[in-house]
Amino acid sequence: MTDLTWLIAGIAVIGVSTVLARRLGVAGPLILVAIGLVASLLLPEFSVPPELILVGILPPLLYASAVRLPAIEFRRDALPIAGLAVILVVISALALGTLFYVAIPGLDFALAVALGAIISPTDAVATSIAKKLGISPRVITMLEGESLLNDATALVLLRSAVAASAAGFSPGSTIGAFAWGVLVAVVIGVAVGLLTLRVRRWIGEPVANTAVGFIVPFVAYLPTEHLGGSGLVAAVAAGITAGQGAARWSTPEQRVSDELNWHTLELLLEGAVFLIMGLELRDIVSANVQKHSGVGVGIGLAVAALAIVLAVRALYVSGLVTLIGRRARRMQRDRLQAFSDRLSAFDVETGNLRDLRPQPGENPNPAPRSGGLVRRTTGRAARRVARRWARRTPDAASAQRRVEGVRARVGRVLNDMDYYQASPLGWKEGAVIVWAGMRGVVTLAAAQTLDPDTTPARELLILIAFVVALVSLMVQGLSLPWVIRMLRIPSAAGDGSSEEADRLADELREAALAHVRTPGLADSSGQPFPPEVLSKLAERMSSPPIEAPEISTASVIDLRISLIEAMRERLVDVSSEGSYSSATLRHALAQLDADQLSIQLRRDPDD
C-alpha cells in the first residue's frame, strides 16, 4: 500500500470508529486499538518513525487540548496538578528504575530510570476516554492538566538518564536541565501565544487565520527544542495563552472556525495515534521473539511495572486528597465574607474605618486560611492596610481603586472557596484519579527514541512500554465506567448549571443595558442612534426576555452588534473573577458569537 492509501484508509477507519463508538457506548480509542491489533496480523510490515509522533502529531494534539483547558479551574488546582505532573513522575520513575535494574541483566541504573521515566507519565490522549464518562469537571481538569504537563518531567528525565548512562549521573545537572527545560518552554510558549493573538487579529481573514493557526504549535515547539527545553510544554503554554486570549483578541468568525477546525484535527490525530499503537504490535512481538526467545519476560515485567505505577499513584493520590480535604476544612469563609462586606462599605473620601472594625464577639484578627491568596485580611491587620493605603494615595479616586483591587482579590478567594465546597475531592474522586491515569502513545513514542546502538535489550524495553500502554488503555479504559458505577459517583453536567447560566445572562443583559444608556452612542459611520430607538430598546431590555426592535436598517444592525460587543467585554471581565465555571463562560461566549454572526448575515452586502 502506498502512503496515500494508508492515509485514506486511516481517515476512513477513524471516521467509522467514531460513529461506532457513539452507537455502541464504547470509547473510540479502544475500538481503534483493537482494529490496529487485528490489522497488524493481516497487513505487511508497518512502522512509523517516533519523530513523526513526537514532532508531527503530539504538538498540535496537545495544543488543541490546551486551547480548551478550563483556565479558572486549572488555576485553582495548580499545586495538586504540579505535584502529579512532577513529583509523582519522579517517584514513579525511580521505583520503576529499581525494578528494571534488578530484573534486566546488563541494564545500568540510569537506563533503568530512563525506562521508568518513559512509563511514568499519563497521556493526554488517553485521558479523552475519561472525559466522555461524565466525571466531575474538577477531576477531569486535574487529569487533563497532569497529562499535559507531565511529559516535560518524563522527557527531561529520559534525556538526563540517557546522558548519565554515557557520561555519569549528576543530580545537580539533572535538576538544572529540568528547570531550564520548563523555564524555556513556558517563556517561549507564552510569547508565541501572545504574538499569535496579535498577528491573527491583524490578519483578520478567517481562512488565512486558520492557516496561521495550524503552525502555532510548531512555532512554539521547534525553537524550544533547539534551546534544550521541552517543546511539548511550549506547545501547551502557547495553547493555554491563545485559548484564554481568544475572547478578547479574536473575532467571532475566528473563534467559530477554530472550534471546528481544532476539533476535526484533534479527532484525526487522536485516532491516528491509537491506530498506530495497534498496527505496530506485530513488529514489536517479532523482534522480541527473535532476540529474547518470546514475549513472556516482557509481558511479565510490563504487568509488574503497571502494578507498581498504580500502587505508587494510589499512595500519592490518597495523601494528596487527604491534604486537600484538610485544607478545605480549615477555610473560614464566613470571616472572609464579613471582611469583604465591611471593605465594600469603606469610605475612602473621609477615611472612616469604622466599617472595617470587627463586629461584637468576632475574633479581632482571625487570619482566615484561604489558599495563600489573601492572608490576615480582617480585623486589626485589615485596618492597618487601609490606613497605610489612605496615607499613601494622593486622592480618593486612587484610594478607591486600590480598595477595589483588594476587594476583587477577596472576591476571587471567596469564589474559589465556593468552588472547593461545591466540588470536593473525597476518596471516591481519588479512586477515579488513580484508575483514570492511563498510559498512551507518548510512552510508546518515547521508548522508540532509545538509541539502538547504545541501549541494551532495546526491543525488550520497547515491548515493556508497549504492553504497559496497551494494558493500561484496555484494562483501565474498559473498566473505568464500571468503577464509576461501583463507586456510585453521580454524573456531572459538562455545561454548567442552568442557574449559573441564568445568573450570567442577567449580568450580561445589565452590561448591555448600561451600554444602551451611554451618552453619545453612535453607529459605525459615526451617526448617533435615534434617542427614541435607544429609549425603546432600554425599556424592553429592563425586563427579560429581550425583545429588540425589528432589524431593518444598517444603523439598527450596528446597534445590535454594539450591544453584543458590550456583553462580550463584560464576559471577559467576569472571566477573571471566578464567579462562573469555564463551561458556562464558554457556552455564553459561543451564544454571543452565534448571535453576532446571525445579525451580520442580515446586513446588506452593499453596506
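**Pockets, a cavity and cores**

Guide: Let's start with the second largest pocket of this predicted model: α1 gives the most to its lining, with eight residues. The elements that supply two or more lining residues are α1 (3-24), α2 (28-42), α3 (50-67) and α12 (252-279).

Visitor: Which residues of that lining are closest to the centre of the pocket?

Guide: Of the 24 lining residues, those are W6, L7, G10, A272 and I276. About 680 Å³ of space lies in there.

Visitor: Why is the space lined by A39, S40 and L43, among others, called a cavity?

Guide: A 1.4 Å probe fits there but cannot get out, so it is a cavity and not a pocket. About 40 Å³ of space lies in this largest cavity, and the structure holds one cavity of 30 Å³ or more. Its lining divides into five nonpolar, one polar and three charged residues.

Visitor: How do you know that F100 touches I464?

Guide: Contact means heavy atoms within 4.5 Å, so F100 and I464 have heavy atoms within that cut-off. Both are among the residues that touch the most other members of the largest nonpolar core, which has 94 residues. Helix α20 (residues 458-487) gives the most to this core, with 16 residues.

Technical notes. Residues numbered from 1 in each chain as written. Predicted model: local features only at pLDDT ≥ 70, side-chain atom pairs only at ≥ 80, totals over all residues. Heavy atoms only, no water. Core = buried A, V, L, I, M, F, W, Y, C linked by side-chain atoms within 4.5 Å. Buried < 20%, exposed > 50% of the residue type's maximum accessible area, 1.4 Å probe, protein only. Helix = DSSP H or I, 4+ residues; strand = E, 2+ residues; numbered from the N terminus. 1 Å grid on protein atoms, 1.4 Å probe; cavity = no way out; pocket = protein on both sides within 12 Å on 5 of 7 lines; lining within 4 Å. Points joined across faces, edges and corners; volume = space filled by probe spheres on them. Nonpolar A, V, L, I, M, F, W, Y, C, P; charged D, E, K, R; others polar. Lists of a residue's contacts leave out its neighbours within four places in sequence.
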